[in-house]
Amino acid sequence: MTRPLSRAVLMGLLALVLAAVAVPARAEGNASLLDIQVQVESSGVARVTETLTFDGEVPEEITQRIAVRENILGDREHVYAVTDVQVEAGQPLTPEVEQGGDAVTVTVPTAGVSGPVSISYTVSGATFESPEGTQFRWRVLQGLSVSVSEVTGQVALPGLPTDFQCRSGAPDAANPGVCRFSAAGTDDNPVPVFGDGARGEGEMVELLVTVPAGVVEVTSVENRRWTLGGAFSVDPLPLGLALGVLVLGGLAIFLLHRRAGRDAAPGQPTRVAEFRPVAAGRSEFSVLAAVRPGQVGTVVDERVDPIDITASLIDLAVRGHLRIIELPRADEFARTDWKLVRRSDGDPSQLAGWEQRLLEALTPPEGRDGILVSEIGPTIAAHIADVQSALYDDVVRNGWFERRPDSTRNRWGTIGTVALVVAVVATGLLVALTTFGLLGLALLAVALGLVFVGQEMPARTTAGSSLLAGLDALRAELQTHPTEEMPPGRELHELSEVLPYTIVLGGRDRWIDAIVTADDDDQADSTDLAWYHGPDRWHLQHLPESLKNFISTTSGNLFAR
């Protein structure tokens, strides 16, 4: 009796297993049917209703991403408006609707839902003007988080369609496929109907329905999409504006410089110095106007440069107010240094105010007999700006400039900087928001031109232009006048007087070489020059290198910080 019972139990268990296998599994995340109903109003606004039917278990959440921007050729894009999103599943559900820049994302909480789920929304901007009339074009299925086994639907229109197409496939497909079924304008299907097979998660179905012009209003909106090429468009309007700004801006800068920054016309050239004949084949250097090397350099380039101050120091030494003493090196690898010592051989009444300030700045502390060039930086740092300012005031006081060149440069430099900042901001806005980037580049070019021209704005007066003409003539003479014509016995003194002017006007080397040539013995020349003393066994032949080092070292130390 037990054996048949055991066999019966086994057979019963097997039947239960087979029955369990035979029951179909409930698929989650797959809808058996998606029915789409589209109602296109004469205003061009369309109402889309999607109804999802699930044979199996409904997912706890359904999302749909509805694109509201569509790129077209170039830098243009179509923009759609998706509004009035509603969801029902036997009763209204409350979806989460996120309005993004590129898409509207609808999230539907469907936990516990067992019946069909309907998602509906209104779309505007999907009707376009076409050669055949007005076309409604919209992806009625897109961005759905579940796959569907079958798609069906129809489109209600104010009039009869003249053309109807249905396409489907991947959302980014270059050539989407044709729907399984679509028909319109027939006796059986007077309104467009369509159907398609299984569509995977995120795939699309797009409808293109054309009606006669005037039946449906055109609602398409086309915006500019930012691209680098589009921001710098070469279309006639932005290109023409950019060229116009360049031409007009350049002309304005030219006229501005011509009016405010051009030197006055010179009168008769002001002769600063000349080589005056004193005998046959002999001449001496004679200063005609009390224009010193520091003033010369400032008038020529409109700036008080380190070389102008250095040339002034040498000029003060030649005129008997200073002595430059080259010190012996501590060892062969040590730097050369010099001591500046005050002298009283010069006439104090001939000193300009800025020269007096320069001498006072270099006056050694009480109890010391001079100041080292290596100490000039810390010593004169607090005074150099004052000396520069006094020299700028001096060129205005002498009538060579109407206003201080540094103040003029600063004022126009500020104007140019403000213009450049405004141009940079304007260019950024034009590039980011418009197609007129070339106009921004034109504004930048004009602003940079103003910055550059602003440095050229100091203008010489008639007296200043006449002095500049005279300095040009003196420069030519310094470059060409024979250096061996100085009166015998006075060569070193005459050549020394020329030297400070050559430092700011040019021709320095040939006049230093002339001093070397004037040495007529083989004896050490450490004190032959009243204004420059060298160490023991120093010869005039060492002067070129000594002065070169002195000028470069002093110029650097004068403006050291």
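What is the volume of the second largest pocket? In this predicted model, where local features need pLDDT of at least 70, side-chain atom pairs count only at pLDDT 80 or more and totals for chains, interfaces and linings use all residues, that volume is about 310 Å³. Residues are numbered from 1 along each chain as its sequence is written, and side-chain values use heavy atoms, with hydrogens and water left out.

A pocket here is an open set of points on a 1 Å grid over the protein atoms alone, where a 1.4 Å probe fits and protein lies on both sides within 12 Å along at least five of seven lines; lining residues have an atom within 4 Å of a point. A volume is the space filled by probe spheres set on the points, which are joined across faces, edges and corners. The second largest pocket has 14 lining residues, and Glu-326, Pro-328, Arg-329, Pro-535 and Trp-538 lie nearest its centre. Helix α13 (residues 543-558) contributes the most to this lining, with 3 residues; helices (H or I, at least four residues) and strands (E, at least two) are DSSP runs, numbered from the N terminus.

The largest pocket holds about 610 Å³ of space. Among its 22 lining residues, Ala-67, Arg-69, Glu-70, Arg-139 and Pro-171 are the closest to the centre, while β4 (61-67), β5 (69-71), β13 (133-141) and β20 (204-211) are the elements that each give two or more residues.

Elsewhere, strand β7 (residues 81-88) pairs with strand β11 (residues 117-124) in the antiparallel sense over 6 bridges, pairing being counted if DSSP finds at least two bridges between two strands. Within this pair, Thr-83 has Thr-122 in β11 as its bridge partner.
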